[in-house]
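These notebook entries record what I looked up in the structure, one topic at a time. I begin with a sheet and then turn to helix packing.

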Amino acid sequence: MAIGVFDSGVGGLTVHRELVNRFASADFIYLADQAHAPYGGRGGEEIVDLTREGCRRLFDAGASVVILACNTASAIALRRLQQTWIPQERERLGRPINVLGIIVPTIEAATGLPWSYEAEPREEKIEAIAVTGVFCTAATAMSRVYEIEIDKRREDIAVFTEPCPGLAGLIELGAPAEELEVVVRDHVDALRRRIGRHPDKAVLGCTHYEIVAEVFKGALPEGVELIHQPTAVADSLERYFARHPDYDIGNTGRRTFLTTGIPGPQSALVSQFWGAPLTFDAA
């Protein structure tokens, strides 16, 4: 048995690396749907179908829990899969399984509150509004999940999303650092103009962006806090397994990397981020 990690491409490796550090003895299967990457510009039903198929592959390969290390899939497909598909899969496989996303842990990190928190009506005036910027794909931005869920919990936080179409694709292809810096700075400046100032905090709302987190850090003024999804997800998964000890995640330290695309070595950018050359096998 194992922990499955699913993404449209290599961005989910940012979450995967943190999970491996946190659960060193567990077995992991990583699946990149590179044949259809990136998901950010695709329609909702197609994203649901592709995510369901990726999760099915991981469950059939022995995963007990699948982490959707993709904001787009988490925003568009997760709830549908949990409510209408997972119960059928549990019955088919005859064992405990689940699909978990990365947006809930990120919102918990952004608000400092548990997901279950319900805000009570405020009578006093809010003295100051903090601004959080979210850099994400077009599909995640259209879902407005960050605005909606953060506003439910923290009326003193204003959220502005900045869709970055094409950026995940550039990272996936291993674009030169100079090209990535130009694109990131353009989006940081676009968000600044829309807000009227730079945000107080910034969420890298696409796991691909974590690969170039230093580029975002360099484009934002000093003092803007970056909320890192991998750490938030690992913290949340530790709490989840403590509540659900019935999930078997293996204990041999096995690491498997699969792709629906062309198998073989990944780009120099991915290898540099990972810290060593990385090769994917055919799914």
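This is a predicted model: local features need pLDDT of at least 70, side-chain atom pairs count only at pLDDT 80 or more; totals for chains, interfaces and linings use all residues.

**Entry 1. Parallel sheet.** I looked up β7 and β8 and found that they run parallel, joined by three bridges. I count two strands as paired if DSSP finds at least two bridges between them.

Residues are numbered from 1 along each chain as its sequence is written, and side-chain values use heavy atoms, with hydrogens and water left out.

I then followed the sheet across. β5 and β7 are paired in the parallel sense over four bridges, with Val 134 standing opposite Val 203 in β7. Strand β5 (residues 130-136) also runs parallel to β6, and seven bridges join the two. Here Thr 132 stands opposite Val 159 in β6.

Helix α5 (residues 103-111) packs on this sheet and touches β6, β7 (201-204) and β8; its direction makes about 155° with that of β8. Contact means heavy atoms within 4.5 Å. Axes are lines fitted to C-alpha atoms, for helices over the stretch in contact, and angles run from 0 to 180 degrees between N-to-C directions. Helix α7 (residues 145-153) packs on the sheet as well, touching β5, β6 and β7, and its direction makes about 170° with that of β6.

I recorded the whole as an open sheet of four strands, order β6-β5-β7-β8, with parallel pairing. β6 (157-163) and β8 (225-227) stand at the edges with a single partner strand each, so one side of each has no neighbour in the sheet. From one strand to the next the twist averages 25°.

**Entry 2. Mixed sheet.** I found seven strands in another open sheet, ordered β4-β3-β1-β2-β9-β11-β10, with mixed pairing. Its edge strands are β4 (98-100) and β10 (264-265), each of which pairs on one side only. Strand β1 (residues 2-7) pairs with strand β2 (residues 28-32) in the parallel sense over five bridges, and Ile 3 stands opposite Phe 28 in β2. α2 packs on this sheet, touching β1, β2, β3 (63-68) and β4, and its direction makes about 150° with that of β3.

**Entry 3. α2 and α4.** How do these two helices lie to each other? The axes of helix α2 (residues 44-60) and helix α4 (residues 78-93) come within 12 Å and cross at roughly 30°. The pair is therefore roughly parallel; the classes are under 35 degrees for roughly parallel, over 145 for roughly antiparallel, 65 to 115 for roughly perpendicular, and oblique for the rest. The crossing of α2 past α4 is right-handed, that is, the near helix is turned clockwise from the far one by less than a right angle, anticlockwise being left-handed. Among the contact residues I noted Val 48, Arg 52 and Phe 59 in α2, and Leu 81, Trp 85 and Ile 86 in α4. The contact comprises seven nonpolar, one polar and seven charged residues. Ala, Val, Leu, Ile, Met, Phe, Trp, Tyr, Cys and Pro count as nonpolar, Asp, Glu, Lys and Arg as charged, and the others, Gly among them, as polar.

**Entry 4. α1 and α12.** Helix α1 (residues 13-22) packs against helix α12 (residues 229-243) at an angle of about 45°, the axes being 8 Å apart. I therefore class α1 and α12 as oblique to each other. α1 passes α12 in a right-handed crossing. This contact has six nonpolar, two polar and four charged residues.

**Entry 5. Backbone.** Most residues other than glycine have a negative phi, and most peptide bonds are trans. I found a cis peptide bond from Ala 37 to Pro 38, with omega near -5°; Pro 38 lies in the loop between β2 and α2. Arg 144, not a glycine, has a positive phi of about 55°, and its place is in the loop between α6 (138-143) and α7.
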